[in-house]
Structures are given as C-alpha cells and as structure tokens.
Amino acid sequence: MVNTVVQASRTARLPKVAELGEHLFVRHVNPNPLTAWEPFVTIWVCTGHGGLVGNIAEWQQFQLGETQPGETGDAATFPMVQHSPTAKLPKTAAFGTSGFVEHVNHNPITAWERFVTAWVCTGTFSLSPTAQWQQVMMGEAQAGELDERPTAVPWIQHARTAKLPKEGILGETLGIKHVSAEPLDEWEPFVTAWACTGYFPLSPYAQWQQVLLGDVQLGE
C-alpha cells in the first residue's frame with residue numbers, strides 16, 4: 001500500500017508526525033483553471049526528527065528524472081532484464097509501483113557495461129490510460145564490504161561514509177543513519193538511502209548505489 005496525499009500546491013506540506021523511514025507520495029494537483037501547470041508527484045522519506053525538542057518529522061525528497069510513458073503491454077514483473085540501454089516499461093501499472101531494470105549488453109560488438117535503473121509509477125498520462133514512469137536518480141556504484149547484515153532500521157553507523165553488506169538481493173533497499181560517536185569531532189547526523197543493483201563482475205560482492213535525496217524539510 002502506498003501512503004498518498006493530494007495537495008493543491010506545487011510545494012509539499014508534510015506531516016509533523018512520522019516514523020523513521022516512512023515513505024509518502026504527494027500528488028500535486030492544480031485547482032485553478034487560470035494558472036497553467038500540470039499535475040505532478042513528489043516522493044518523500046522521513047529521515048529523522050528535528051525541531052526544538054526533536055519531535056517534528058524531518059523529510060527528504062527522492063530525486064526523480066524525466067517522465068517516460070509505458071510502452072510495452074507485457075505483464076512483466078520487476079526486476080526486469082532488458083538488452084538495451086533504454087528502459088521499456090509497462091503500459092499499465094498501479095500508482096506507486098516501483099522496480100528495477102537491469103540493462104545487459106548481449107552484443108559483443110557494442111561496448112557498454114551492464115547497469116541498473118530504478119523506476120516508479122507516478123500516475124497515468126492525461127487523456128490516456130498509459131502509465132507514467134519517472135526514474136529514481138542514483139549515484140555511483142559502491143561494492144559491499146561488510147560480512148554483517150543490518151541489525152535495525154535504519155542501520156546506525158558512526159562514520160560519514162556508508163559501509164554496505166557484501167550480500168544483497170537485487171532491488172533491496174537500505175537506509176543508513178550516520179551518527180557522530182566522537183565528541184571532539186561532532187557533526188550533525190544524516191541519513192543515506194541505498195539500493196542493491198546487482199553484483200560486481202568477477203566478484204561475489206553486492207553492488208550498491210546511493211539513492212539521491214534533496215534538501216531537508218520539516219513537517220508542517
């Protein structure tokens with residue numbers, strides 16, 4: 001189930017109360033026919049709590065790329081393996097459906113490395129039942145380096161750089177809360193989000209990519 005709200009504004013108004021790691025889809029709808037902007041969706045994750053007494057939810061926006069219409073009628077399920085650098089996504093999908101496309105080069109003459117893209121269904125196009133997809137923006141790949149698995153959600157680590165598990169399942173997501181443990185080198189805690197996008201070639205180690213997040217916003 002997707003936690004969704006509809007708001008008549010371009011700017012999201014987010015709840016003051018939320019659980020750490022909670023996701024929220026905000027559908028921005030234009031109520032005024034005299035102003036000209038198309039409806040759109042933003043996706044948020046609660047990454048902690050702030051305010052004077054630390055009881056107000058702190059949110060960060062998932063960074064999304066351009067909109068792409070679904071173009072295949074196949075009832076394919078994520079994760080998908082496709083032999084093209086461009087994703088082909090289902091024409092029909094429920095709002096909030098998300099998944100990974102693994103792009104694999106099956107032609108030895110062309111030279112591109114396999115990679116993974118992440119997508120989320122943000123509705124349907126106006127005047128059409130075709131699903132509307134947006135790409136979840138991700139950073140550079142990082143190899144897993146820990147034998148241990150997360151012990152809590154989010155996983156608390158005492159370093160600015162995330163250390164990720166060697167084992168992972170394609171499409172698995174992970175939140176890490178970075179907390180300073182050294183009083184002489186104190187820095188503000190922050191959260192990073194990661195997705196397992198496969199395994200590095202010639203190694204059994206999981207490959208992780210950071211899900212890019214926007215600025216912090218307090219619940220209001």
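This tour moves through the structure one selection at a time and says what is found at each stop.

The model is a predicted one, in which local features need pLDDT of at least 70 and side-chain atom pairs count only at pLDDT 80 or more, while totals for chains, interfaces and linings use all residues. Residues are numbered from 1 along each chain as its sequence is written, and side-chain values use heavy atoms, with hydrogens and water left out.

**The open sheet**

Begin with the strands, which, like helices, are DSSP runs numbered from the N terminus (E, at least two residues, for strands; H or I, at least four, for helices). Five of them form an open sheet in the order 10-14-13-12-11, with mixed pairing, where two strands pair if DSSP finds at least two bridges between them. Select residues 138-143, which are strand 10, and 155-157, which are strand 11: each stands at an edge with a single partner strand, so one side of each has no neighbour in the sheet.

Next select strand 12 (residues 173-178) together with strand 13 (residues 190-199), which pair in the antiparallel sense over six bridges. Within this pair, His178 stands opposite Phe190 in strand 13.

**Aromatic rings**

Rings of Phe, Tyr and Trp (its six-membered ring) pair if their centres lie within 6.5 Å, and planes under 30 degrees apart count as stacked, over 60 as edge-to-face and the rest as tilted. Five aromatic pairs are found in the whole structure; in the pair of Trp187 and Phe190 the ring centres are 5.8 Å apart and the planes stand at 45°, so the pair is tilted. Buried means under 20% relative accessible area, exposed over 50%, and partly exposed in between, with a 1.4 Å probe and protein chains only. Trp187 is buried at 14%, whereas Phe190 is partly exposed at 31%.

**Loops beside the sheet**

Where does Glu145 lie? Its place is in the loop between strand 10 and strand 11, and with 37% relative accessibility Glu145 counts as partly exposed. Taking contact to mean heavy atoms within 4.5 Å, and not counting residues up to four places away in sequence, Glu145 touches Ala162, Lys163, Leu164, Pro165 and Lys166.

Move on to Glu167, in the loop between strand 11 and strand 12. Glu167 and Tyr205 are 38 residues apart in sequence, yet their C-alpha atoms are 6.3 Å apart in space. Leaving out residues up to four places away in sequence, Glu167 touches Arg149, Tyr199, Ala206 and Trp208.

Now select strand 3 and strand 4 (residues 56-62), which pair in the antiparallel sense over six bridges, with Trp44 opposite Gln61 in strand 4. Their hairpin has five residues between the strands, and Gly51 takes a positive phi near 90° there. Strand 4 also pairs in the antiparallel sense with strand 15 (residues 213-218), over four bridges, and Gln60 stands opposite Val216 in strand 15.

**The cores**

A nonpolar core is a set of buried Ala, Val, Leu, Ile, Met, Phe, Trp, Tyr and Cys residues joined through side-chain atoms within 4.5 Å. Which residues have the most contacts inside the largest core? Among its 14 residues, they are Ile43, Phe62, Val136 and Val211. The elements giving two or more residues to this core are strand 3 (40-50), strand 8 (115-124) and strand 13. Finish at a second, separate core of ten residues, which includes Trp155, Leu164, Ile176 and Ala206.
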